[in-house]
Amino acid sequence: ASRVMVASRNYADFASEATFEIKKCDLHRLEEGPSTTAVMTREEGLHYYKTMQTIRRMELKSDQLYKQKIIRGFCHLYDGQEACCVGLEVAIKPTDHVITAYRAHGFTYARGVPVREILAELTGRKGGCVKGKGGSMHMYTKNFYGGNGIVGAQVPLGAGIALACKYFGKNEVCLTLYGDGAANQGQIFETYNMAALWKLPCVFICENNRYGMGTSVERAAASTDYYKRGDFIPGLRVDGMDVLCVREAAKFAVEYCRAGKGPILMELQTYRYHGHSMSDPGISYRTREEIQEVRSKSDPITLLKDRMVNNNLASIEELKEIDVAVRKEIEEAAQFATTDPEPPLEELGNHIYFNEPPFEVRGPNQWIRYKSVS
């Protein structure tokens, strides 16, 4: 009988939107900050929920495939931090630009790459988003300049993208992301200086998940106020576990840049559930109890789910249906990622340069030559 009642409930029974109180951001060199209220429509909420749930399930599947030795090499998972990439993506335009570090699977999906192409890239297959050549840390798509393996090195690249935005006068911005572990890199401070001098439309975003590899922020940094690290650049400290907080702060930061005021900093206070990478069990420098406490009190998906149900934007049954559909999509993507063929060895030298005539590349030994194709 309950199933019949659920089936008979139609969209008219739900509220079309709701207004939420959200946590106030800490401010640096700003008189006003983002709004402390956020309006979310039912359609937006369902989109955020499905996207975050897809990223969560994709990362859990990646964990499983890695332990089965189907995924090899470095692999840094994003579960726990889903509100960051989703909140940022919905606050910008598809024509805006994003560059991040090596914990990049969530951003790759949020920027529009299908799950099957991400998982196939992780398993090194032809159908991967970089044709099986990039792996976990090097995924790209239009206006997404990938995960980058060198700690902090994507930050000056992001400033270069922002310089191009300003040079071409298209009123676009670049979101440049790095972690708390990278925040002490000298090249980041050099980039702050250049960006401020040239008033580049760059939003510098520190995803502070509290641990740089196995070192807590308190042990690694004399100052853990990462949003103040730009000194002369304004900053915001944001609850990175709340997708609405991230969205509102990102909208504020992007509008600041588009107005020609120069760069701005955002610190997203978040948490990763897995270790730093798959080689790190993640419990030698923090306790299982700490991880469980974050999961029970601050999980970004649970927080959104509770808001939607409590404000009549969705039913528990409807969200469960999304969960089932997401799991099915992930399983089908994993099937593709484990059966799609690997790229042939002849393609090893391809795609080194863009729009260049073919040239010879030495193969695995000096007697083998491949033709590189753009």
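A salt bridge is here a side-chain nitrogen of Lys or Arg within 4 Å of a carboxyl oxygen of Asp or Glu. The structure is a predicted model, in which local features need pLDDT of at least 70 and side-chain atom pairs count only at pLDDT 80 or more, while totals for chains, interfaces and linings use all residues. Residues are numbered from 1 along each chain as its sequence is written, and side-chain values use heavy atoms, with hydrogens and water left out.

**Confidence and annotation**

The chain has a mean pLDDT of 95, with 97% of its residues at 70 or more; pLDDT is the predictor's confidence in each residue, from 0 to 100. Over residues 1-8 the value stays under 50. Where pLDDT is low, the predicted coordinates should not be read in detail. An unreviewed UniProt entry annotates residues 51-345 as "domain: Dehydrogenase E1 component"; such annotations may be inferred rather than shown by experiment. This range is 45% helix and 11% strand, where helices (H or I, at least four residues) and strands (E, at least two) are DSSP runs numbered from the N terminus.

**Salt bridges**

The whole structure holds 19 salt bridges. Three of them are tabulated below.

| Glu318 | Arg42 | 2.7 Å |

The side chains of Glu318 and Arg42 meet in a salt bridge. Because Glu318 belongs to helix H12 and Arg42 to helix H2 (residues 42-67), this pair ties together parts 276 residues apart in sequence. Glu318 and Arg42 are both buried, that is, under 20% relative accessible area, with exposed meaning over 50% and partly exposed in between (1.4 Å probe, protein chains only). Glu248 and Lys251 are three residues apart in helix H9 (residues 243-258), about one helical turn. Glu248 counts as buried at 13% relative accessibility, whereas Lys251 is partly exposed at 32%.

**A buried arginine without a salt bridge**

Arg103 occupies the loop between strand E4 (97-99) and helix H4 (105-110). Arg103 is buried yet has no salt bridge, and Glu207, the nearest side chain of opposite charge, is 6.7 Å away. Lys and Arg count as positive and Asp and Glu as negative; His and the chain ends are not counted. The Arg103 side chain does reach the backbone oxygen of His276, at 3.1 Å.

Note on methods. A polar contact is a pair of N or O atoms within 3.5 Å; within protein, one must be able to donate a hydrogen and the other to accept it, and residues adjacent in sequence count only if both atoms are side-chain atoms. Contact means heavy atoms within 4.5 Å.
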